[in-house]
Each structure stands twice: as structure tokens, then as C-alpha cells.
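Thanks, everyone. I'll keep this short: a look at how two chains meet, and then one residue. Please have the model up on the screen.

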Amino acid sequence: MKLLKGKWSGITVPLLSVALGLLVGGIIMLVSGYNPIVAYAALFNGIFSNTYVMGETVRQMTPLILSGLAVAFAFRTGLFNIGVEGQLLVGWLASVYIGLQFEGLSPIVHIPLAILAAGLAGALWAFVPGFLKAKYHVHEVITTIMMNYVALHVVNAIIRTYLLAPGERTDQINASASLQSPFLESITDFSRLHYGFVVAIIGAIIMWFLLWKTTTGYELRSVGFNKYASEYAGINVQRNIVLSMVISGAFAGAAGAMEGLGTYGYMTVMADFTGVGFDGIAVALLGANGALGVVLASALFGGLKIGALNMQSVAQVPTQLVEIVIAMIIFFVASSYLIHWISNRVSKRGKI
Amino acid sequence: MDFMQILQLIIPAAIFSAAPLIFTALGGVFSERSGVVNIGLEGLMLMGAFTGALFTILGEQWGMGAASPWFSLVVAIIVGMLFSLLHAVASISLKADQVVSGVALNFLAAGLAIFLVKKIFDAGQTPIIQERIYKTDVPFLSDIPFIGPLFFSSAYYTSYIAIVLAFVVWWVLYKTPFGLRLRSVGEHPMAADTMGINVTKMRYVAVMLSGGFAGLGGAVYATSIAGNFSHATISGQGFMALAAMIFGKWHPLGAMGAALFFGLAQSLSITGQQIPGLKEIPEVYLLISPYVLTILALAGLVGRADAPKAIGEPYEKGKR
């Protein structure tokens with residue numbers, strides 16, 4: 001039970017939650033007449049069996065890492081950014097817009113420019129809830145949810161009005177802005193793997209560096225720990241709240257650029273949310289809001305989502321089972337009180 | 001097109017679109033008044049819509065005929081209450097972050113409902129239900145000049161139930177001892193505890209009431225507006241109900257008013273094309289209006305909106 005206290009609890013609670021989540025998924029499969037062992041074996045094979053699915057898993061991870069970083073960054077500073085989805089959408093649109101508008105640029109200029117634009121768009125979208133929180137004490141959870149819907153409708157309207165190409169989508173971006181790579185595709189049996197994962201890893205390093213190696217990061221974390229103590233210590237709390245949301249939004253916008261410049265190369269009129277932004281919440285929670293944790297949690301969720309396709313074709317279990325498992329994992333992480341309570345009970349009785 | 005015709009087009013459509021929002025927003029009022037944030041309204045509505053479609057189809061098969069959708073509403077209330085227990089256990093007993101727990105509830109509902117649809121129907125959506133809740137003319141009242149055609153002809157009974165329930169909820173919350181206890185738990189749980197009110201129990205009841213109401217809202221949506229259930233049936237109505245609750249300042253009648261207004265915005269984005277003068281306004285402004293208004297309301301630009309004081313905080317006995 002030592003594992004549940006002290007420095008190891010940061011790892012054991014997520015691991016236990018994953019195990020419990022998979023267990024619940026297994027029980028649901030049993031109750032609904034599927035064989036969980038066959039299904040989970042198919043799921044596992046669906047993640048690791050060949051280079052194609054591994055390439056797809058990494059591709060799936062890429063935006064998840066960035067959206068997870070966005071949620072985690074806000075969390076670290078005491079804010080809950082549920083608006084990653086909306087920030088991701090405006091970022092996606094901005095990256096595609098830059099990808100379409102400039103021709104003849106070198107990729108070395110064009111790609112960073114497009115990602116930057118995406119980050120800026122996301123930052124701008126997150127600025128609104130950040131500003132309202134700092135200035136008017138408006139709870140960011142509600143405003144970010146509302147901003148998601150505003151983003152969804154506004155992005156669709158902009159595509160329909162200015163950028164529409166046949167098929168309810170924008171044109172394909174210019175090759176100079178594309179993250180797609182024939183080389184990466186060829187070594188992974190023509191998956192849609194692209195260079196975005198490099199950007200995502202750089203994003204994770206930036207977040208770690210910013211939070212732990214800079215004064216700004218120290219201030220941001222301090223505000224997250226205790227707003228009042230920070231205020232007393234002379235830290236400008238309002239400024240830090242806005243800054244945190246803006247940085248978080250920039251990560252979310254960059255996540256959108258991964259879809260716009262990497263996986264798709266265009267943007268469609270969205271009937272519904274992508275879900276990547278919401279998955280970011282799960283990723284951040286499971287990753288304990290750390291850069292490395294977020295990367296690992298993205299690997300798990302990205303893998304589960306790709307593996308689910310195989311689980312459906314081999315064991316006929318609907319892919320939604322994985323969503324149920326992910327939801328249960330969030331419940332268990334959020335209710336870590338339960339895990340601690342059980343561990344206390346057990347250790348008091350002197351067993352284990 | 002004269003003014004009366006325009007009103008006849010807009011008002012019934014607004015009330016029709018608003019009904020599911022009113023139910024769900026009333027549920028939100030219960031939960032949040034007791035101090036438990038319920039972001040999970042969307043998920044609860046989703047489970048309600050799924051249950052509504054499923055049990056209408058089952059009711060048809062069991063020979064219930066026109067009573068099938070009404071039967072499904074009752075089942076949806078029960079399913080909503082049971083499903084909301086997850087949120088209650090996590091956020092009240094296990095002291096999980098209420099927002100996180102609500103988000104997880106939404107995830108779970110989306111996954112579970114489609115999982116079950118695929119399992120039961122072997123397809124991505126349920127078949128179209130045959131017995132829907134249809135619009136009717138209310139006897140006598142629809143003959144009243146002016147008011148009759150606007151409010152009482154070709155309307156849905158569920159809309160009236162929603163509006164009546166808003167007044168009932170107001171009465172329960174503000175005129176009964178139960179309502180006083182419920183609100184006190186959301187304002188100052190420790191004071192309430194000192195007075196002998198069981199905070200945990202009150203909050204469980206409130207969250208389950210919100211589940212029942214949101215389940216009903218979802219089922220009404222499925223049986224009157226959508227006609228079947230797929231992954232796209234509930235896409236944001238729960239959050240719009242949440243917005244209505246906030247815009248209505250956590251008050252049942254305010255929430256109903258806001259829901260009616262949002263219903264109007266929704267119906268205008270559909271019927272607006274037929275109305276002169278509105279055609280020129282791009283649809284997007286109507287679509288985003290509920291959300292923008294909620295943000296403005298929260299910023300205090302449309303009157304101050306004060307949330308219950310203890311909202312979002314798990315109650316721990318003895319903690320100060």
C-alpha cells in the first residue's frame with residue numbers, strides 16, 4: 001500500500017484507474033454477450049500488429065498530445081479549460097487559411113507560419129474566457145463551453161461563405177504548408193502518419209520548460225496553488241489567469257493545425273465537434289497534468305481508439321466500448337478518493 | 001405575409017423547440033441550487049433521448065399504440081435518475097471534481113447509448129418511431145381569437161407540461177420546506193448541516209431530480225422533434241439548457257423564459273428563411289445567440305447572475 005502514498009501515487013492512481021476502466025469495459029462486454037478476452041486481444045493486436053496501425057496510432061496521438069497539454073496547462077494554473085474543442089476548431093481553420101492563401105513560400109517558412117496562426121487563433125479564442133475570469137470573475141467552465149458552440153457555428157459559416165469547395169469543405173492546402181510526408185507514409189505501410197508528432201513532442205517540451213524552468217511558469221503554478229497567497233506575494237493574479245488561458249488556447253490551436261496541415265490537409269464543414277478537444281480533458285487528467293504524463297496518456301487513448309477498429313472487425317464489439325472505457329477511467333481518476341479510501345481501509349486492517 | 005402570419009409561424013415553433021430545453025434546464029436548477037454543478041445534463045439528455053426512442057419502439061411492439069411515447073417518457077425519467085446516480089456518487093460521496101465528473105458522464109452517455117443502439121439494432125441509429133407525440137388543437141382554447149391560434153392550436157402537450165412544470169418547480173423550490181432545505185444546502189451547507197439537514201441526502205435527491213428532468217427533456221426531444229435516435233440527435237441541447245439555466249439566473253421561471261427565448265432563436269434559424277427581413281440576417285447569428293447571450297449575462301452585462309454560493313464544492317463534515 002506504500003505505492004498509494006507519497007511520490008508513487010502520481011503513477012499508481014492512473015494505472016489503477018486504467019485497470020478498473022478496462023475491467024468495467026470487460027464486464028459490459030460480458031453482460032452484452034461478447035467475449036472480453038477475444039475483444040481485448042483484438043484491441044491489442046489492433047494497436048501493435050503491423051506498421052500501418054502503429055503509424056495510425058501515432059497520428060491519432062498527435063493532436064491528442066497538444067489538446068491534452070492545453071487542458072493540463074490550464075489545470076496547472078487552477079483553471080479548467082473545457083474550450084479546447086472550440087480553440088482547436090478555430091486553430092484548424094486558421095492553419096488551413098494560411099495554407100491556402102500563401103503560394104510559393106518555402107515549407108520552412110510556411111509550416112511554422114501556419115502553426116503560429118493556428119496557435120494565435122486558439123489563443124484569441126481562449127482570451128475571452130480568460131479575460132472574463134480575470135476581470136469579472138466569470139467561471140471559465142461555462143464560458144469555454146459556450147465558446148465551443150460559437151466556434152463551431154462561426155467556423156462553419158466562414159467556410160461556407162469564403163472558402164467553400166465542392167464537398168462542403170475547403171480546398172486542399174498548398175503543399176508547402178503540408179506536414180504530410182510520403183517518406184513517413186511509406187515506412188508505415190501507407191498510414192496517414194505525418195510530421196505533426198514532432199511538433200507535438202516539441203509542444204510537450206515547451207510546456208515542461210515553460211512551467212518548470214521559467215519565472216513566468218513559477219508564477220503561473222503559484223497562482224494555481226493558491227491565488228490569495230500569490231496575490232499577497234506580489235504576483236499579478238489577473239494577468240496570470242489571462243496568460244494561462246492564452247497559452248492553453250495556443251496549444252489547442254496547434255492541435256487543430258495538426259489536423260489541418262497533417263491528417264486532412266483541408267477542413268470540412270463540421271456537423272459536430274471532433275471530440276479531440278474533449279479527449280484532451282481525459283488525457284490531461286490521466287497524465288496527471290504533466291508533459292510526460294500527457295504524452296503517455298495520449299499513447300494509451302490514441303492506441304485504444306485505433307485498436308477499437310480492429311476490435312469491431314474481429315470481435316464485433318462496437319468501437320464505442322472504448323469511449324465507455326475512457327469515460328470510466330476519467331471517473332476513477334476523478335474519484336481517486338475512492339482508491340485512497342479503499343487503501344486506507346485495507347491498511348488499517350493490517351492486510352497487504 | 002402579414003404580422004399575424006409571421007407570429008403564427010414563429011411562436012408555436014419556438015414553444016415547440018423550447019420544451020426539451022425547459023425540462024432539462026429545470027433539472028439543472030435543482031442540481032445547481034443544491035450546490036452540485038451538472039455539466040452532465042447533455043449526457044443525461046442523451047440517455048433520455050435514447051431511452052425515449054427505444055421504449056417507444058418497444059411500446060409499439062408490445063401493442064401500446066399511441067401510448068407508447070408517453071410510456072417511454074416515464075421510462076426515460078427513471079433511466080435519467082439512475083444514470084445521474086453516477087454523477088451523484090462521484091461528486092458527492094467520492095468528492096470528485098464536479099465538473100470532471102459531469103464531463104465523464106457526457107462521455108459515458110455518448111459511448112453507452114451508441115454502443116447499445118449498435119448492439120440492439122445492429123445499426124448506427126434506431127429505426128424511425130411510428131407513434132410520435134403529435135401536435136393537436138387544444139379544445140375550446142384554440143378558438144379564442146388571436147391567442148388561440150398562437151398558443152393553443154397545432155401545439156404539443158409536452159410543451160404545456162414543460163411550462164406548467166416550471167411553475168411547479170418554482171413553487172416547490174420557493175414555497176415548500178423541501179425547497180428551502182435544498183437551496184440552503186447549496187448556499188451554506190455547513191449552516192444547513194448544523195440545522196439538522198442531511199446535506200448528502202439533499203444533494204443526492206437534487207442530482208437525481210436533475211437526472212429525471214433531463215431524461216424527460218431528452219425523451220421529449222426524441223419523441224416529438226427527432227423521431228429516432230442517432231449519435232447526432234442530441235448535439236448541444238444539454239449545454240443549451242445549461243445556458244438557459246444560467247441566463248435565467250438559476251431560477252425556474254427565469255430558466256423557462258431563457259429556454260423559450262433560445263427556442264425562438266432555434267426556430268428562427270429554421271423558419272427565418274420564410275420571413276421577410278430575417279432572410280438577410282445570416283443564420284450563424286441566430287445559431288450563436290444563446291451562447292453569446294449567456295456569456296454576456298455571466299459578465300454582468302445583461303443583469304447580474306449570481307450562482308448559488310456553495311456551488312462546485314464537495315461538502316466535508318467538520319471542515320471549515
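Salt bridges between chain B and chain A: the count is 0. Keep in mind that this is a predicted model. Polar contacts do occur between chain B and chain A, and they come to 2 residue pairs, with both residues at pLDDT 80 or more.

Now the area. Together, chain B and chain A bury about 3,500 Å² between them, and carbon and sulfur atoms account for 82% of that. In residues, the contact draws 41 from chain A and 39 from chain B.

Which helices of chain B supply at least two residues each to the side that touches chain A? They are H3, residues 68-93; H4, 98-121; H10, 237-247; and H12, 283-298. The largest contribution on that side of chain B is from H4(B), which gives 15 residues. By residue class, the side of chain B that touches chain A has 28 nonpolar residues, 6 polar and 5 charged.

Is B:Ser289 buried or exposed? Its relative accessibility is 16%, and the cut-off for buried is under 20%, so B:Ser289 counts as buried.

Methods: Residues numbered from 1 in each chain as written. Chains lettered and ligands numbered in written order. Predicted model: local features only at pLDDT ≥ 70, side-chain atom pairs only at ≥ 80, totals over all residues. Heavy atoms only, no water. Contact = heavy atoms within 4.5 Å. Buried area = accessible area lost by both parts, 1.4 Å probe. Salt bridge = Lys/Arg side-chain N within 4 Å of Asp/Glu carboxyl O. Polar contact = N/O pair within 3.5 Å; in protein donor to acceptor, adjacent residues only side chain to side chain. Helix = DSSP H or I, 4+ residues; strand = E, 2+ residues; numbered from the N terminus. Nonpolar A, V, L, I, M, F, W, Y, C, P; charged D, E, K, R; others polar. Buried < 20%, exposed > 50% of the residue type's maximum accessible area, 1.4 Å probe, protein only.
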